[in-house]
Amino acid sequence: MIPKFTQISTILIWSEDFRRLADWYKDVFGLEVVEELDHPQDTGVLFKFPEGGPWLWIGQHSEVKGQNPDPHRHMFNISVDSVGKTCEYLKSKNVKILAEPFKAPTFDKYFCTFYDLDGNLVQVIGDF
């Protein structure tokens, strides 16, 4: 019998310097901190998005060092009202943009792709 998988609960991003990366996510996205843990085996910051969805955990991991060597391996999308305006805002925060706003080839939404401080790819999706 296959267990019932219901939803993505939390997106976890591990970092060598979790505090720096968590502060970046808080500053750039204005996310609300739900919890901060400082335990030898579980250290990080838990965020929630204003309209729900998965939680975002930025945590310390002993096996993660420096920049992400393979940033194209995964990415996640954050919904926004305007991709064009959001991309301009990200530039004003000195966020490194990988792809300027572009239209999805198969449906009527736009994307802008960028890097966080550790070189992980993040993308916004929405109307232009």
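A: Helix H1 (residues 18-29) lies across S5, S7 and strand S8 (121-127), and runs at about 145° to S7. Helices (H or I, at least four residues) and strands (E, at least two) are DSSP runs, numbered from the N terminus. Angles run from 0 to 180 degrees between N-to-C directions, with axes as lines fitted to C-alpha atoms, for helices over the stretch in contact; contact means heavy atoms within 4.5 Å. Helix H2 (residues 83-92) also packs on the sheet, where it touches S5, S6, S7 and S8, and its direction makes about 165° with that of S6. The model is predicted, so local features need pLDDT of at least 70 and side-chain atom pairs count only at pLDDT 80 or more, while totals for chains, interfaces and linings use all residues. Residues are numbered from 1 along each chain as its sequence is written, and side-chain values use heavy atoms, with hydrogens and water left out.

The sheet itself is open, with four strands in the order S5-S8-S7-S6 and mixed pairing. Its edge strands are S5 (75-82) and S6 (97-103), each pairing on one side only. Two strands pair if DSSP finds at least two bridges between them. From one strand to the next the twist averages 20°. S6 and S7 (residues 110-115) are antiparallel, with four bridges; Lys-103 has Tyr-110 in S7 as its bridge partner.

The largest nonpolar core has 24 residues, of which Tyr-25, Phe-29, Phe-47, Leu-56, Ile-58 and Phe-114 touch the most other members. Such a core is a set of buried Ala, Val, Leu, Ile, Met, Phe, Trp, Tyr and Cys residues joined through side-chain atoms within 4.5 Å. At least two residues each come from H1, strand S3 (42-48), strand S4 (55-60), S5, H2, S7 and S8. H1 gives the most, with seven residues. Not counting residues up to four places away in sequence, Phe-29 touches Trp-24, Ile-78, Phe-114 and Val-122.

Phe-76 is in strand S5. Phe-76 counts as buried because its relative accessibility is 11%; buried means under 20% relative accessible area, exposed over 50%, and partly exposed in between (1.4 Å probe, protein chains only). With residues up to four places away in sequence left out, Phe-76 touches Ile-11, Ile-13, Tyr-25, Leu-56, Leu-121, Val-122 and Gln-123.

Asn-94, in the loop between H2 and S6, counts as exposed because its relative accessibility is 71%. Asn-94 has a positive phi of about 60° although it is not a glycine.
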